[in-house]
Amino acid sequence: MTRSTPAEADNMVVFPNCKINLGLHILRKRMDGFHDLETIFYPLPLCDALEIVHADELSFTVSGIDVPGNTDDNLCLKAYHLLKKDFPTLPPVHIHLHKHIPIGAGLGGGSSDAAFTLLLLNDKFKLGISEPQLIAYAAILGSDCAFFIKNKPCLATGRGEVLEEIDLDLNRYSFLVVHPGIHVNTGKAFGKITPGEPAQQLRDLDLQSVHQWKDVLVNDFEAVVFAEHPAIKAIKDKMYTSGAVYAAMSGSGSAVVGLFPKGQLPVIDWGAQYKVFEKQ
Ligand SMILES: C[C@@](CO)(OP(=O)(O)O)[C@H](O)COP(=O)(O)OP(=O)(O)OC[C@H]1O[C@@H](n2ccc(N)nc2=O)[C@H](O)[C@@H]1O
Ligand SMILES: Nc1ncnc2c1ncn2[C@@H]1O[C@H](COP(=O)(O)OP(=O)(O)O)[C@@H](O)[C@H]1O
């Protein structure tokens, strides 16, 4: 996915996009409390907007959908403070975030905001931080966050921060993302999983045979999250009965993603409280 041009970076407005997970295997619990996993991250252009401008003192505002929790805990501010610790000359800024990506949806919106804050500060203030260093900073902020530094299709291992770019182009498909307004807590969802080795490792997946993914590409979170929220499974089922080539929950949910033959997205009345995003 293309990022903002340098000219846009000068304006200090960027558009943090979301990710989806294609397959997600929770392999084992680690000594640090996290889980080793393997997943394919794929970027999609469902975006927030993030603006950073010089200011007399550090400040932060948000518009758009409500972000739960304390403003001081926002990942954009955490990203700023993380860099400020190592780069004391970083000047004070005003950060404005317009939130559009559903929260607690498995779309990585918060992680994307954090990664784009690192990138924007690095560009604008010429901090000279290399991509590997940016990835290391991002991984401190969240397991998903490092992916958004690369923002290209990747096989991810470790706790999600060990990234290998893969040759996966899904432009032959149209995407439907449906969020039912259910907030899934990622940490709690991990707690309900029994980790284990997958039947087939993602490294061995035939990336070109999307029509076979239905039978082989599994998100381990689906079983536990669907048991608690049958409405999420119903979205996946509806996508398949409406012509999806592949459909699955993204991450720990609750958004569900469907891949359809190009230009053949179904017209479905999901109801008023469901958020729907289409990429033709
Ligand atoms: C599940 C995934 C799959 O892509 O995505 P989301 O559903 O959140 O989008 C990610 O692993 C989420 O990454 P992220 O949302 O950055 O998680 P973090 O903030 O690092 O961790 C939140 C909590 O999830 C658990 N956690 C997270 C990642 C990991 N590999 N093992 C874990 O056990 C930990 O309990 C941690 O306290
Ligand atoms: N900029 C941000 N955008 C969204 N959530 C944020 C942000 N900063 C901190 N958070 C916190 O991160 C949590 C989940 O983030 P998000 O990335 O949207 O979900 P998910 O992990 O399901 O992809 C929320 O509970 C929220 O309080």
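The shell around ligand 1 has 5 nonpolar, 13 polar and 2 charged residues (Ala, Val, Leu, Ile, Met, Phe, Trp, Tyr, Cys and Pro count as nonpolar, Asp, Glu, Lys and Arg as charged, and the others, Gly among them, as polar). This is a predicted model, in which local features need pLDDT of at least 70, side-chain atom pairs count only at pLDDT 80 or more, and totals for chains, interfaces and linings use all residues. Residues are numbered from 1 along each chain as its sequence is written, while chains are lettered from A and ligands numbered from 1 in the order in which they are written.

Ligand 1 is surrounded by 20 residues, and the closest are Gly 142, Ser 143, Asp 144, Arg 159 and Gly 251 (a residue is near a molecule or strand if its C-beta atom, placed from the backbone, lies within 6 Å of it). Strand 2 (17-29), strand 3 (35-47) and helix 6 (186-191) are the elements that give two or more residues to this shell; helices (H or I, at least four residues) and strands (E, at least two) are DSSP runs, numbered from the N terminus. Because domain 1 (6-165) and domain 2 (173-279) both contribute to the shell, ligand 1 lies between them; the domain bounds come from an automatic or database domain assignment.

Ligand 2 also lies between domain 1 and domain 2, because both give residues to its shell. Of the 22 residues around ligand 2, Gly 69, Leu 75, Ile 103, Gly 110 and Asp 113 come nearest. Helix 3 provides the largest share of this shell, 4 residues.
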